[in-house]
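These are my notebook entries on how the chains of this model meet, written down in the order in which I looked things up.

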Amino acid sequence: MSIKSTIDGISGTTKAVLFVSALIISLIVIWAGFLGGWNKMGNALFAHQINAKQQEVQKELEQAARDKQALQQTLFELKQAKDDYVKLKEQSDAAQKIFFDQSKTSTEKVAEFKKTLDAAPAHTSTDNITTNDLCTRAKAAGSSAELISALCSQ
Amino acid sequence: MRRAVSAALDEIENLKRQLKAAADAVVAQETAIKAANDAIAANVKEREAADRTILLAQKAIDQQQSIIATYEKAIGTLQSMVDMAMKRIDKLEDKVDKANARAAKLGILLTIVGMATAVLKR
C-alpha cells in the first residue's frame with residue numbers, strides 16, 4: 001500500500017483534524033524556538049550586567065587593597081612617630097629635672113649671696129697692730145704688688 | 001695709718017667674699033637659664049612629636065573609615081548582584097513553570113487529537 005493510497009483512504013474530516021493538529025504543533029515549535037531565542041538574549045543581557053557588576057566589585061576591592069597598603073604605611077609611620085615621641089618625652093623629662101635641680105641650686109646660691117651681704121663685715125682689731133701684721137694680711141688677701149711692697153718693705 | 005690700712009684690708013676681704021658669692025650666684029643663674037632653655041627646647045620637640053603622632057593617628061583613622069566605606073560599597077554592589085541573580089532565577093523558574101504548563105496542555109491536546117483521529121478513522 002503506497003503513501004498516496006493511504007492518504008486517499010483517510011476521510012476529509014480526519015485530514016482536516018490532522019492538518020489543524022500539525023499546524024498547532026508547528027506553531028508551538030516555532031513559539032518554543034522564539035522563546036528559546038528570547039531566553040538566550042535574556043541570558044546574554046544578564047551575563048553582561050553581572051560582568052559589569054563583577055568588574056565594579058573588582059575595582060572597589062582593588063581600591064580597598066590600595067587603601068589598606070596606604071593605611072599600613074601610615075600605621076608604620078605612626079609607630080615610628082610614637083617611638084620618637086616616647087624618646088623625646090624622656091629627654092624632655094630629663095631636661096626638666098635638670099632645670100629644677102639647677103633652679104634649686106640657683107636659689108640656694110642667691111640665698112647664700114644675700115646671706116653674705118647681710119653677714120657682719122670682718123672687723124680686725126687694730127690694737128697693737130704692726131706693719132708686719134699688715135704685710136702678712138695683704139699677702140694673704142692677694143693685694144696688689146704695690147700695696148704689698150709698700151707694707152712689707154718697711 | 002696702720003688702723004686705716006687694716007680697715008681697708010677688712011673692706012677688701014669683705015668685698016672679695018661678697019664678690020665670690022655674687023659670682024657663684026651668677027654662674028648658678030646662668031646654669032639655671034641654660035637648663036631652662038634646654039628644657040624648653042626639649043619640650044618644643046616633644047610637643048612637635050606629639051602633634052605629629054596625633055596627626056598620623058587621625059590620618060590612620062580617616063584611612064580606616066575610607067576602607068570601611070569602600071568595603072561597604074563593595075558589599076552593596078555584591079548585594080545588588082545577588083538581587084539581580086535572584087530576580088533572574090525567579091524569572092527563569094517562572095518560565096519553566098509556564099513551559100511545563102504548556103507541555104501539559106500540549107500533551108492533553110495531542111492525546112485528544114490522537115483519540116479523535118482514531119475515532120474518525122473507524
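Before reading any crossing angle I noted that axes are lines fitted to C-alpha atoms, for helices over the stretch in contact, with angles running from 0 to 180 degrees between N-to-C directions. I also kept in mind that the model is predicted.

Entry: helix pair. I looked up helix 2 (residues 12-118) of chain A against helix 1 (residues 2-121) of chain B, and found that their axes come within 3 Å and cross at roughly 170°. Since angles over 145 degrees count as roughly antiparallel, I therefore recorded helix 2 of chain A and helix 1 of chain B as roughly antiparallel to each other. Sorting the residues of this helix-to-helix contact by class gave me 53 nonpolar, 30 polar and 21 charged.

Entry: extent of the interface. For the area buried between chain B and chain A I noted about 5500 Å², with 69% of it on carbon and sulfur atoms.

Entry: polar and charged pairs. Across the interface of chain B and chain A I found 15 residue pairs in polar contact, both residues being at pLDDT 80 or more.

Entry: salt bridges elsewhere. Searching the whole structure, I found eight salt bridges over all chains. One that I followed up joins A:Asp83 to A:Lys79, with the closest N and O atoms 3.4 Å apart. These two residues, A:Asp83 and A:Lys79, are four residues apart in helix 2 of chain A, so about one helical turn separates them.

How values were computed: Residues numbered from 1 in each chain as written. Chains lettered and ligands numbered in written order. Predicted model: local features only at pLDDT ≥ 70, side-chain atom pairs only at ≥ 80, totals over all residues. Heavy atoms only, no water. Buried area = accessible area lost by both parts, 1.4 Å probe. Polar contact = N/O pair within 3.5 Å; in protein donor to acceptor, adjacent residues only side chain to side chain. Parallel < 35°, antiparallel > 145°, perpendicular 65-115°, else oblique. Nonpolar A, V, L, I, M, F, W, Y, C, P; charged D, E, K, R; others polar. Salt bridge = Lys/Arg side-chain N within 4 Å of Asp/Glu carboxyl O.
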